[in-house]
Amino acid sequence: MKLLYDSLITITKALLPIAGVFNKKLQLGAKGRAHSWDILDQSIKKTMPKIWVHAASLGEFEQVVPVLEKLNRENYQIVLTFFSPSGYENKKNTTLVDTVCYLPLDTTANASKFVEIVEPSLAIMVKYEFWPNYLKELKKRDIKTILVSGVFRENMSFNKWYGSWMTKYLKAINHFFLQNEDSYRNLNRLGYLNARVSGDTRFDRASHLIERDNQLDFLDRFIGDKKCLVVGSSWPEDIQVLQKWLRENYESGDCKVVIAPHETGSDKIKQLVGQLDDEPILWSSLKRNQKTLTPKSVTALQQSNILVIDTIGLLTKVYSYATIAYVGGAMGTSGLHNILEAATYGVPVIIGKNYKKFPEAGKLEDLGGLFSVSTPDELMEIMDQLLTDDFLRDKTGMICGHWINSNTGATREVLNYLKQIDEKLVIS
């Protein structure tokens with residue numbers, strides 16, 4: 001099976017540039033990987049020990065941020081790699097690390113070349129990024145490797161006939177820091193006991209969001225003294241289920257709406273605007289004209305019902321303005337986005353129906369802080385309840401905030417382990 005895997009990776013490497021002609025994300029990834037070796041050659045400091053951190057995409061990067069913030073940049077050069085354009089394109093200029101590039105595809109030659117160039121003293125993998133050839137190379141060179149916020153599910157490839165061969169490559173990981181007990185049990189069944197349930201570092205990340213300055217230009221004037229629904233990381237399927245409520249809310253004017261779509265390309269924004277009965281104001285337009293805002297345009301902002309955040313990087317601040325948060329991704333099949341970023345502000349959270357692969361959502365629903373909806377009518381019902389019943393809304397929000405605060409601490413466990421390896425790895 002390993003031979004077949006290597007053959008498929010080689011074929012994939014050859015076909016990606018062609019596939020990129022038809023898919024923008026694949027095109028970005030292919031072009032980005034073509035420059036990875038140049039980035040490494042130009043930035044790697046041979047005289048300085050390195051820490052290699054790998055996150056598949058933007059979500060996994062957010063999980064490792066609390067750890068990155070404490071890694072010692074004075075004594076170590078930190079090299080961050082991504083697999084997905086959603087990670088690299090958004091975080092290629094992050095100041096938390098020294099070097100950022102795409103991870104070259106998992107061929108035997110690439111893995112050997114990458115590890116030889118970077119020469120990491122420590123490798124940090126996030127969640128469930130398991131590339132056999134890279135793991136084999138790390139094990140071969142006896143490089144300390146840990147998994148942060150790891151997840152092991154029963155239906156993962158390790159438990160399938162076609163993927164069980166990969167189990168032995170997990171030997172490269174010295175310690176597994178896992179999100180939950182189910183992951184611990186599933187990993188144990190694979191024969192690995194060098195693990196602990198430390199929790200999800202995203203809780204630490206989310207808990208710190210409320211400590212910063214979250215004020216944003218225009219939002220105070222847009223919202224005024226009204227309640228506000230923040231729709232975060234939305235997809236067309238999410239807007240579709242919201243349309244009926246948005247139509248009635250437009251007529252009543254009771255609640256302001258801020259929509260931050262997952263994709264902000266001009267064609268995606270045009271599609272979003274086309275789904276709305278009310279003509280929204282675009283954040284980019286406000287920013288572009290902020291120096292020449294007239295009393296008339298300010299009045300238009302205050303009287304508008306929907307504001308679309310057509311840029312990236314603002315959502316975690318926008319959530320601080322929410323009375324209620326709708327987190328997108330679960331109405332379709334793209335995957336539920338981060339509910340913790342909304343819950344940390346102590347507001348009720350609403351999501352779509354497809355969230356079975358996201359245990360944190362099920363847990364918060366059981367506690368009474370989250371509501372899942374399947375139809376426009378269900379969305380209408382829960383929105384009406386939360387907007388009219390102050391006690392229910394406050395109680396639900398309080399559950400969310402308490403849930404975040406009671407699940408912090410995963411980062412501390414990871415950092416304590418790293419200090420045991422070498423005190424110089426972590427700053428105080």
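## The R205–E62 salt bridge

In this predicted model, the side chains of R205 and E62 meet in a salt bridge at 2.8 Å, N to O, where a salt bridge is a side-chain nitrogen of Lys or Arg within 4 Å of a carboxyl oxygen of Asp or Glu. The pair links distant parts of the chain, with R205 in helix α9 (residues 201–209) and E62 in helix α4 (residues 58–68), 143 residues apart; helices here are DSSP runs of H or I with at least four residues, numbered from the N terminus.

R205 counts as partly exposed because its relative accessibility is 24%, whereas E62, at 12%, counts as buried. Buried means under 20% relative accessible area, exposed over 50%, and partly exposed in between, with a 1.4 Å probe and protein chains only.

## Other salt bridges

The structure holds 14 salt bridges, one of which joins D217 to K287, with the closest N and O atoms 3.4 Å apart. D217 lies in the loop between α9 and α10 (219–223) and K287 in helix α13 (residues 283–288), so this pair ties together parts that are 70 residues apart in sequence. D217 is partly exposed, with a relative accessible area of 41%, and K287, at 31%, also counts as partly exposed. Salt bridges that share partners join D200, R202 and E360 into one network.

## Basis of the values

Residues are numbered from 1 along each chain as its sequence is written, and side-chain values use heavy atoms, with hydrogens and water left out. Local features need pLDDT of at least 70 and side-chain atom pairs count only at pLDDT 80 or more, while totals for chains, interfaces and linings use all residues.

Definitions and conventions
Helices (H or I, at least four residues) and strands (E, at least two) are DSSP runs, numbered from the N terminus.
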